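Work through the exercises below with the sequence and the model open. Try each task before you read its solution.

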Amino acid sequence: MTAQLEREFDVIVIGAGAVGENVADRVVQGGLTAVLIEAELVGGECSYWACMPSKALLRPGTALHGAQAVPGAREAVTRTLDAAAVLKRRDHFTSNWQDDSQATWVQDTGIELIRGHGWITDTRKVEVAGLDGNSYALTARHAVVLATGSSPTAPPIDGLADVDYWTTREATSAREIPGRLAVLGGGVAGTELAQAFARLGASVTLVARGGLLGAFPEEAATLVAAGLRADGVHLRLRTGTRNVRENDEGSVTLELDGGGTVTADKLLVTTGRHPALEGIGLERVGLAAAEGKELRLSTDSTGLVAGGTGNDVDPWLYAAGDAAGRVMLTHQGKYEARATGDAIAARASGELNGEAAPWSRYARTANDHAIPNVVFTDPELANVGRTVQQAERDGFRASSVELPIQVAGSSLHAERYEGWVQLVVDEDRRVLLGATFAGPDVAELLHAATIAIVGEVPLDRLWHAVPSYPTISEVWLRLLEEYGL
């Protein structure tokens with residue numbers, strides 16, 4: 001029997017992924033009550049279809065290649081990857097797509113969970129169609145937070161809508177490895193999954209309208225491209241796709257610009273994502289997309305949404321993570337969530353009025369200065385902060401220093417180690433604005449650069465941060481020497 005239940009909470013969070021969980025956790029720590037609304041699995045995209053399963057698919061191949069690159073270990077490696085074992089390990093990291101442990105954490109943290117689809121009906125009002133058959137009319141005393149994540153963006157390619165293609169969800173949860181895989185898109189997800197499936201035995205072709213990993217410096221992306229080619233991935237870069245068709249036996253054929261085709265057993269489309277803001281009632285509070293456009297929200301440093309009925313007078317509507325549309329990275333979304341949760345609790349108690357001070361616990365200041373990002377291919381690509389072009393566009397008098405990674409630590413790490421690193425410097429203040437690393441296992445170098453940028457550590461002081469010998473981190477010394485210190 002269906003019931004209409006009315007409930008009131010201090011904070012209502014729509015979306016129980018990593019971002020929503022962190023918002024709810026912080027407001028509860030701040031003394032408020034919170035409810036999470038989730039129609040799928042508690043833990044969200046990262047736990048079940050993105051970060052965790054994709055890295056579980058990638059890591060075995062990287063470990064195997066790492067052993068093959070070291071004499072002595074190489075001779076002990078006598079087999080290729082066991083695809084079934086890799087998939088089984090992937091299943092472990094997704095908890096077999098069961099969210100019992102995460103739901104238990106929510107309960108133990110003092111957060112309430114309602115499973116169902118929720119949407120805004122009015123200022124501070126949310127309705128939920130519960131999966132239990134009940135309808136919930138919820139009221140928020142202080143805030144409603146959108147943590148609804150993002151959805152794949154399908155490119156406007158003729159015939160694509162009529163084809164049964166994979167998105168990252170189907171790829172990361174695949175039960176078997178296809179013989180032939182076509183990957184459409186040369187960004188992070190497409191690049192990572194192309195290499196993962198190639199190492200698991202698929203014949204992979206990656207087709208991209210632009211270059212590979214075009215948001216990164218070309219020297220770094222070139223190393224990753226070489227790594228993919230070494231694994232047998234056929235790269236068709238700067239090549240458009242004219243149309244897609246499904247063949248009688250179930251395979252898919254891509255007709256490419258300039259002639260040529262690619263036929264595969266499965267097609268994986270990784271051409272970007274957009275904030276998942278559809279069907280959550282934003283039009284009820286004055287937030288709607290222009291005709292023919294996708295809705296994008298604008299937020300301040302605390303996550304407060306610009307516009308929305310009553311939001312500029314008595315703040316109540318916030319967005320964090322992919323839903324906010326600024327940075328679509330799990331770790332940065334969780335950072336935003338912590339700031340937003342703390343800001344809501346502080347406004348509720350009167351500790352925060354108006355805008356939050358930069359670099360305070362209530363502000364997402366790092367979004368403007370130091371966003372770390374890792375591409376978990378082999379070799380890895382890691383960067384943080386601004387590129388030279390971004391720095392100059394933002395008005396800085398910027399310079400850069402680049403070097404191959406050729407230190408004792410790298411030569412010990414792997415035979416014929418190839419890597420590249422760049423630092424971007426603000427010449428007026430002599431502090432770092434950005435850093436990029438490319439090479440095997442360089443992700444572990446990234447946090448030092450992030451700290452240097454966030455802390456605005458002067459290069460003259462950074463000179464005294466002596467890297468241990470023999471490690472790959474010794475490249476920091478070589479870079480500062482190359483800069484002139």
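**Exercise 1. The largest nonpolar core**

How many residues has the largest nonpolar core, and which have the most contacts inside it?

Solution. Keep in mind that this is a predicted model.

Step 1. Count the members: the largest nonpolar core has 31 residues. Leu432 and Phe437 have the most contacts inside it.

Step 2. Find the elements that build this core. Strands β17 (380–385), β18 (398–404), β19 (420–426) and β20 (431–439) each supply at least two residues. The most comes from α14, with 5 residues.

Step 3. Another one, of 29 residues, lies apart from the first. Among its members are Val183, Ala220, Leu235 and Val375.

Step 4. In soluble globular proteins, nonpolar side chains tend to be buried together.

Step 5. Zoom in on Phe437. Leave out residues up to four places away in sequence. Phe437 then touches Glu380, Leu381, Ala382, Trp420, Val421, Val442, Leu445, Leu446, Ala449 and Trp476.

**Exercise 2. Strand β11 and its partners**

Which strands pair with β11, and in which sense do they run?

Solution. 

Step 1. Take β10 (residues 241–246). Strand β10 is joined to β11 by 5 bridges, and the two run antiparallel. Glu246 stands opposite Val252 in β11.

Step 2. Check the connection. β10 and β11 form a hairpin with 5 residues between them. Gly250, in the turn, has a positive phi of about 100°.

Step 3. Take β12 (residues 261–264). Here 4 bridges make the link to β11, again antiparallel. Val252 has Ala264 as its bridge partner in β12.

Step 4. The hairpin of β11 and β12 has 4 residues between the strands. Gly258 takes a positive phi near 80° there.

Step 5. Strand β11 (residues 252–256) has 4 buried residues out of 5, so it is largely enclosed by the rest of the structure.

**Exercise 3. A parallel pair**

In what sense do β7 and β8 pair, and over how many bridges?

Solution. 

Step 1. Strand β7 (residues 180–184) and β8 pair in the parallel sense, over 5 bridges. Ala182 stands opposite Thr205 in β8.

Step 2. Strand β8 (residues 203–207) is mostly covered, with 4 of its 5 residues buried.

**Exercise 4. The second largest pocket**

Which residues are closest to the centre of the second largest pocket?

Solution. 

Step 1. Start with the volume: about 590 Å³ of space lies in the second largest pocket. Of its 27 lining residues, His65, Ala69, Asp378, Arg416 and Pro440 are the closest to the centre.

Step 2. Trace the helices. α3 (51–68), α7 (188–199) and α8 (218–230) each supply at least two lining residues. α3 gives the most, with 7 residues.

Step 3. Sort the lining by class. It has 10 nonpolar, 7 polar and 10 charged residues.

**Exercise 5. Backbone exceptions**

Where are cis peptide bonds and positive phi values found?

Solution. 

Step 1. Recall the background. Most residues other than glycine have a negative phi, and most peptide bonds are trans.

Step 2. Take the cis bonds. One joins Asp378 and Pro379, with omega about 10°. Pro379 sits in the loop between β16 (373–375) and β17. Another runs from Tyr469 to Pro470, with omega near -5°. Pro470 is in the loop between α13 and α14.

Step 3. Take Leu213. Its phi is positive, near 50°. Leu213 is in the loop between β8 and α8. Its relative accessibility is 2%, so Leu213 counts as buried.

Step 4. Take Asp441. Its phi is near 60°, also positive. Asp441 lies in the loop between β20 and α12. With 33% relative accessibility, Asp441 counts as partly exposed.

Notes. Residues are numbered from 1 along each chain as its sequence is written. This is a predicted model: local features need pLDDT of at least 70, side-chain atom pairs count only at pLDDT 80 or more; totals for chains, interfaces and linings use all residues. Side-chain values use heavy atoms; hydrogens and water are left out. Buried means under 20% relative accessible area, exposed over 50%, partly exposed in between (1.4 Å probe, protein chains only). Two strands pair if DSSP finds at least two bridges between them. On a 1 Å grid over the protein atoms alone, a cavity is a set of points where a 1.4 Å probe fits but cannot get out, and a pocket is an open set with protein on both sides within 12 Å along at least five of seven lines; lining residues have an atom within 4 Å of a point. Grid points are joined across faces, edges and corners, and a volume is the space filled by probe spheres set on the points. Ala, Val, Leu, Ile, Met, Phe, Trp, Tyr, Cys and Pro count as nonpolar, Asp, Glu, Lys and Arg as charged, and the others, Gly among them, as polar. A nonpolar core is a set of buried Ala, Val, Leu, Ile, Met, Phe, Trp, Tyr and Cys residues joined through side-chain atoms within 4.5 Å. Contact means heavy atoms within 4.5 Å.
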